[in-house]
Number of protein chains: 2
Amino acid sequence: MDQLSLTFHALADPTRRAILMRLAESDATVNELAEPFDLRLPTISKHLKVLQEASLVSQTREAQRRHCHLEAKALKEVADWVWNYRTHWEESFDRLDAFLSDIAAAGKASKN
Amino acid sequence: MDQLSLTFHALADPTRRAILMRLAESDATVNELAEPFDLRLPTISKHLKVLQEASLVSQTREAQRRHCHLEAKALKEVADWVWNYRTHWEESFDRLDAFLSDIAAAGKASKN
DNA sequence: TTCTTATTTTACCGATTAGCTAATTAGCCA
DNA sequence: TGGCTAATTAGCTAATCGGTAAAATAAGAA
């Protein structure tokens, strides 16, 4: 699978996004990451594997502990991809603006 | 499933992303969208259903034809979500800059 | 060596997905 | 009505996913 598909797939799960959000604050061990969730450790471990395969998270070892670290580069690739479509939502806002202006104009006109 | 998960899931497929890219150029019918792919029409129809459930695409009918239209609002939500992480990739680039500066400095120093 | 902690691996389950073919719906035209 | 075109639905298979429990691995502590 290509990098972008891997990344989007990894992001398409609320648990994995919550893990990323937690890692945005600071690095953490697998146990620390698992703590807020009502999920068994192997489940978290699997989610972390998906995030690592998408290059969204990296791990370093210190004794038995794995320290997980957010890798923002893959997120930047998502940002770059979606940024190419910005003209489209700007256009639709332009259309909305035009629509609202029309309403406003019509409102004024009706008062005349 | 929440909106963001729906959207990321829809984007985690190269065919669906290609459909969006095509729709970024102009609206198109289902047949027109299917044309570049080596896939049967029902398969494309299913992909479009996923895109519609993620609010990434809308359809209007004209006789038998369905005209598909890119809805950029859902993409903007992705952009907004990922934008919250921008400090992290900026930080890592800062660290890279610092690293490269160090190398450059070391290089100059070694020449003295 | 044995114990304990931290984490992963393996094997399994039920649900979902991407692809197919065949059949069906929907709307146009003759 | 019947035939053509556009698209969807139904039903199938093989693969994948998210979760589990139980076993295995790895490393520090006693």
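The following legends describe close-up views of a predicted model.

**View 1. The surface near DNA strand C.** Classified by residue type, the surface near DNA strand C holds eight nonpolar, eight polar and four charged residues.

**View 2. The surface near DNA strand D.** Around DNA strand D there are 22 residues, of which Thr29(B), Asn31(B), Pro42(B), Ser45(B) and Gln64(B) are the closest. Two or more residues of this surface come from each of α3 (30–34), α4 and β3 (65–70) of chain B, and from α4 of chain A. The element that gives the most to the surface near DNA strand D is α4(A), with five residues. Eight nonpolar, nine polar and five charged residues make up the surface near DNA strand D.

**View 3. The contact between chain A and chain B.** Chain A contributes 23 residues to the contact, and chain B contributes 23 residues. On the side of chain B that touches chain A, α1 (3–11), α2 (14–25), α5 (72–83) and α6 (86–111) of chain B each supply at least two residues. The largest share of that side belongs to α5(B), with eight residues. The side of chain B that touches chain A comprises 14 nonpolar, four polar and five charged residues.

**View 4. The sheet of chain B.** Three strands of chain B form an open sheet in the order β1-β3-β2, with antiparallel pairing. Both β1 (28–29) and β2 (57–62) of chain B are edge strands, each pairing on one side only. In general, the strands of a sheet pair through backbone hydrogen bonds, in either a parallel or an antiparallel manner. The strands β1(B) and β3(B) run antiparallel and are joined by two bridges. Within this part of the sheet, Ala28(B) stands opposite Cys68(B), a residue of β3(B).

**View 5. Packing of α2(B) on the sheet.** The helix α2(B) lies across β1, β2 and β3 of chain B. Relative to β3(B), α2(B) runs at about 90 degrees. The helix α2 (14–25) of chain B is also among the elements that supply at least two residues to the side of chain B that touches chain A.

Notes: Residues are numbered from 1 along each chain as its sequence is written. Chains are lettered from A and ligands numbered from 1 in the order in which they are written. This is a predicted model: local features need pLDDT of at least 70, side-chain atom pairs count only at pLDDT 80 or more; totals for chains, interfaces and linings use all residues. Ala, Val, Leu, Ile, Met, Phe, Trp, Tyr, Cys and Pro count as nonpolar, Asp, Glu, Lys and Arg as charged, and the others, Gly among them, as polar. A residue is near a molecule or strand if its C-beta atom, placed from the backbone, lies within 6 Å of it. Helices (H or I, at least four residues) and strands (E, at least two) are DSSP runs, numbered from the N terminus. Two residues are in contact if their C-beta atoms, placed from the backbone, lie within 7 Å. Two strands pair if DSSP finds at least two bridges between them. Axes are lines fitted to C-alpha atoms, for helices over the stretch in contact, and angles run from 0 to 180 degrees between N-to-C directions.
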